[in-house]
Amino acid sequence: MATTTFLLLLGFIVILTTPLQAQTPDDIVPISWVQNVIVKGAVCLDGTPSAYYYEQGQGDGANNWLVFLQGGGWCVNQTDCFNRATYGKSSGSTKNISLTFTFRDFLSNNPTNNPDFYNWNRVYVPYCDGSSFTGDVEAPDSRCSNF
Ligand SMILES: *[C@@H]1O[C@H](CO)[C@@H](O)[C@H](O)[C@H]1NC(C)=O
Ligand SMILES: *[C@@H]1O[C@H](CO)[C@@H](O)[C@H](O)[C@H]1NC(C)=O
């Protein structure tokens with residue numbers, strides 16, 4: 001009898017604690033594409049459109065902004081830049097970019113994990129131009145034009 005009660009109690013505790021541990025869903029944010037990229041000159045190294053991930057601010061954070069620019073160094077000559085645009089995952093192109101991005105740490109919408117910024121407008125800008133976001137490629141390497 002005591003064992004049954006103990007097992008029931010144990011089961012109850014497991015049921016009670018499991019949802020509490022799992023209550024933080026991932027903050028998965030869909031991609032946004034920059035519109036009219038050619039006119040704006042906001043293209044990646046290979047001429048593909050630039051993009052970002054944005055989650056809207058709420059409450060008293062609605063007018064505050066946190067913009068994170070991904071790092072990644074420069075490419076330094078035509079060969080180096082061609083290689084980055086062609087094989088560099090997302091650092092020279094948005095060709096294979098992920099359509100969602102999980103906001104974590106200081107980008108998270110969870111007040112416990114991210115008490116300072118959780119309800120701010122939060123933007124993650126992937127790096128794709130190989131020149132610290134100064135790029136305005138008007139004539140991408142013609143070998144890249146298969147996107
Ligand atoms: C281009 O830059 C890379 C990386 O610094 C270097 O290894 C390569 O020799 C350079 N190529 C030319 C043609 O300058
Ligand atoms: C995109 O993915 C293809 C297929 O896996 C690969 O060949 C190509 O190098 C990738 N491009 C970039 C820019 O990562």
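**Core and salt bridges**

Modeller: In this predicted model, the largest nonpolar core has 9 residues: Val29, Ile31, Ala51, Tyr53, Leu66, Ile97, Phe103, Leu107 and Tyr124. Strand 1 (27–33) and strand 2 (51–55) are the elements that give two or more residues to this core. A second, separate core has 6 residues, including Leu45, Cys75, Cys81 and Ala85.

Biologist: What makes the contact between Arg122 and Asp27 a salt bridge?

Modeller: The closest N and O atoms of Arg122 and Asp27 are 3.5 Å apart. The cut-off is within 4 Å, so the pair counts as a salt bridge. Arg122 lies in strand 5 (residues 121–125) and Asp27 in strand 1, so the pair ties together parts 95 residues apart in sequence.

Biologist: Why is Arg122 called buried?

Modeller: Arg122 has 1% relative accessibility. Buried means under 20%, so Arg122 counts as buried. Asp27, with a relative accessible area of 5%, is buried by that cut-off.

Biologist: Which salt bridge does Arg122 form with Glu55, and what is the N to O distance?

Modeller: Their side chains meet at 2.8 Å, N to O. Glu55 is in strand 2 and Arg122 in strand 5, 67 residues apart. Both residues are buried.

How values were computed:
Residues are numbered from 1 along each chain as its sequence is written. Chains are lettered from A and ligands numbered from 1 in the order in which they are written. This is a predicted model: local features need pLDDT of at least 70, side-chain atom pairs count only at pLDDT 80 or more; totals for chains, interfaces and linings use all residues. Side-chain values use heavy atoms; hydrogens and water are left out. A nonpolar core is a set of buried Ala, Val, Leu, Ile, Met, Phe, Trp, Tyr and Cys residues joined through side-chain atoms within 4.5 Å. Buried means under 20% relative accessible area, exposed over 50%, partly exposed in between (1.4 Å probe, protein chains only). Helices (H or I, at least four residues) and strands (E, at least two) are DSSP runs, numbered from the N terminus.
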